[in-house]
Amino acid sequence: MRSFVLAAAVGVAAALAAGNAFAGKDLDAIKARGALICGVPTGIAGFAAADSQGKWVGLDIDVCRAVSTAIFGESEKVKYVPLTSQQRFTALQSGEVDLLSNNTTVTLQRDTALGLDFTAITYYDGQGFLVPRKLGVKSAKELDGATICVAPGTTTELNLADYFRANKMTFKPVVIEKAEEIRAAFYAGRCDVYTTDVSSLAATRAANVPPPAKPEDFIILPEIISKEPLGPMVRHGDNQFADIIRWTQFAMLEAEEYGITSGNVDEMVKSENPTIKRILGVTPGMGKALGVDDRWVYNIIKQVGNYGESYDRHVGPHSLLKIDRGVNRLWTQGGLQYAPPIR
Amino acid sequence: MAVGSLGSSTTRTKVAPWNDPVIRGWVFQIVVVGLVGLLAWFLVSNTIENLQRQKIASGFSYLHREAGFEIGDTMIAYSPASTYARAIFVGMLNTLKVAVIGIFLSTILGTMIGVGRLSPNWLLAKICECYVEMFRNVPLLLWLFLIYKLISEAFPGPRQAINVLNSFFLSNRGLYAPVPLADPTYHWMGIAFLIGVVATVFVKRWAKKRQDATGQPFPTIKTGIGLIVGLPVIVWLLGGAPHHMSWPHLKGFNFDGGIVIQPEFTALLIGLVLYTSAFVAEIVRSGILALHKGQSEAASALGLSRGQVMRLVLLPQAMRLIIPPMTSQYLNITKNSSLAIAIGYPDLVAAVNVTINQTGQAIENILIIMAAYLSVSLSISAFMNWYNKRIALRER
């Protein structure tokens, strides 16, 4: 009996302690821990996937690495937690991860009712349809009655239902949680169509088609049925941490705009351009205002690269996916990626 | 302490309150209840406070909002324009469907295998033993993945579907079968069927009474089949013998018309039944083995056949040992059906998970899941306890 009372007391104490830890600032917790915990997708080539050495690589991963560089000056102080579309918000709400870089679409509902905040948009995407070429379908308007594979708990699932309702068509969903399982079901012919963001469709077509089938045996239909702006998310309550993530993305865009790359950053430090001097911390003040080292951008560009480098490496011409830069070009080149000035 | 005063409370020796076992017992219990209450209060208030601080929405009003997502397998009318409450209800019905059919099939299969393991036929006994060891020693989730992969990989696409008599089509989209078009006669046939069942029960009671009194057996089984099958057939003929069917046919991507049994449901049902019947078999076997072997010897000595010995003497007695552990297996089937999420069958958990994700209200939704499973499980338990009491040995 006595030992039980003791155990109960210990339990209460532990619960109280956990409550206190929760009340602390996220950034302080990350610094004390010495590592950033990043929630990433369970496997989307180009965005977050393990390479041949088992190292996480991709556009989503570079977001985590850049934030780690801003906070610690080192890009590898990150712990990755793969999360399915259904687990991700709860994991962030409960404090299991510090940051969600999980191909998550920015929506009003998610920004408000979930108690979470989006920072910046890292990739402008849209929802499309992947079909086997031999099906002979040329347009999404011909998909009446189709069986469609879709991941649960996504904006994709809702857009799909909206699109078919708006066009007075019907469909049968096959809803499986894990990305690998749903792709397997699609390639096995359980569904006629696989729908998700076009970038992920390109990724799966490039990387997951089971032999002997070839990537050319599958086509992405021309219709883009939704806007899917993807971006990292944080919990409410630590605005400084959210600022760091937001400005990390802006810094990578600014660097690209001013031609600073991982290759020339050491020369750029000697530049006389006042903007570049401010960005790279030669003129101090910017990092201090953000609460990080003044050389934060220098470190990010040196270790991770600017936005264009990251894009080209993972989803652009230097990758398997070869997705056209499209609307993700800088605003100076007719795209949507536009960063507020670092000053 | 006076040993002689044991058992009489009037002559109890006076002790200090902290040494009095009664008072001490009370104090400890109050402390424990207080601590548990404190812990519960702490958890609830802390959760509410954290939710408010993080501005996470709460309350159940979302249940009346439009769900917006489609569900692949529904027993009642549902569309993306329906509410979250209806989506969850659709999931609940799907869970019940697979659980009820699963319980029914695994009881039959499990009993057959359990009895088979006791068979004097060496081959049959060994096959049953292999079955039990194979299925109960591998996690259910792996069986589900295997069966689902087999169905989706092994069967052809809808356009190359395996065609049986131009009316049944088997493909990786499921089994399509013809189904009668709706007709009012079918309602009356359903009622006739129920009347047949009730009448059979009465006939059985009457036959047993007569056999107890006169020793005359009555062909109850044949009469029962006649009543249960015959009455609906007569109603069908009286209703003008409606025979218009909805036939499955290829239309666009898929089959249209008829009725479909989807691969996700099939995989889940097969997995649950194969897995659970291994446990049921062991329960049945242990129930039978627990009986004294004099029972079967005496029954054989009376001239009963092996089947009759099993049916009339052994199984009725074994039932009393079988029912309580069987209840746990029925509960397991119901709860294990939540593994459906791995292979995409839209059960309760799947519907609620999507709802959690779209609304972000995890706590409320988890409470709904828990309440739903709890009420189903308690209903099963209550029914099984009632049945157990009914067949219990009545000492005279």
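How many residues of chain A are in contact with how many residues of chain B?

Analyst: The model is a predicted one. In it, 42 residues of chain A are in contact with 41 residues of chain B. On the side of chain A that touches chain B, several elements supply at least two residues each: helix H1 (2-23), helix H4 (88-93), strand S9 (146-150), helix H6 (155-166) and strand S10 (171-175). H1(A) gives the largest share of that side, with eight residues. By class, the side of chain A that touches chain B holds 21 nonpolar, 13 polar and eight charged residues.

Chain A itself is divided by the domain assignment into domain 1 (21-124 + 230-326) and domain 2 (127-226). The C-alpha centres of these two domains of chain A are 29 Å apart. Domain 1 of chain A puts 18 residues into the contact between them, and domain 2 of chain A puts in 16 residues. On the side of domain 1 of chain A that touches domain 2 of chain A there are nine nonpolar and nine polar residues, and no charged ones.

Turning to chain B, one part to look at is a pair of helices, H11 (residues 348-359) and H12 (residues 362-391). Their axes come within 9 Å and cross at roughly 165°. An angle over 145 degrees counts as roughly antiparallel, and H11(B) and H12(B) are therefore roughly antiparallel to each other. The crossing of H11(B) past H12(B) is right-handed. From H11(B), the contact is made by B:Leu348, B:Val349, B:Val352, B:Thr355 and B:Ile356. H12(B) brings B:Ala362, B:Asn365, B:Ile368, B:Ile369 and B:Ala372 to the contact. Eight residues in this contact of H11(B) with H12(B) are nonpolar, two are polar and none is charged.

Chain B also has an open sheet of four strands, in the order S1-S2-S3-S8, with antiparallel pairing. Its edge strands are S1 (162-164) and S8 (259-261) of chain B, each of which pairs on one side only. From one strand to the next, the twist averages 15°. Strand S3 (residues 174-177) of chain B runs antiparallel to S8(B), and three bridges join the two. Across this pairing, B:Leu175 stands opposite B:Ile261 in S8(B).

Notes
Residues numbered from 1 in each chain as written. Chains lettered and ligands numbered in written order. Predicted model: local features only at pLDDT ≥ 70, side-chain atom pairs only at ≥ 80, totals over all residues. Domains from an automatic or database assignment. Contact = placed C-beta atoms within 7 Å. Nonpolar A, V, L, I, M, F, W, Y, C, P; charged D, E, K, R; others polar. Axes fitted to C-alpha atoms, helices over the stretch in contact; angles between N-to-C directions. Parallel < 35°, antiparallel > 145°, perpendicular 65-115°, else oblique. Left-handed = near helix turned anticlockwise from the far one by under 90°. Pairing = 2+ DSSP bridges.
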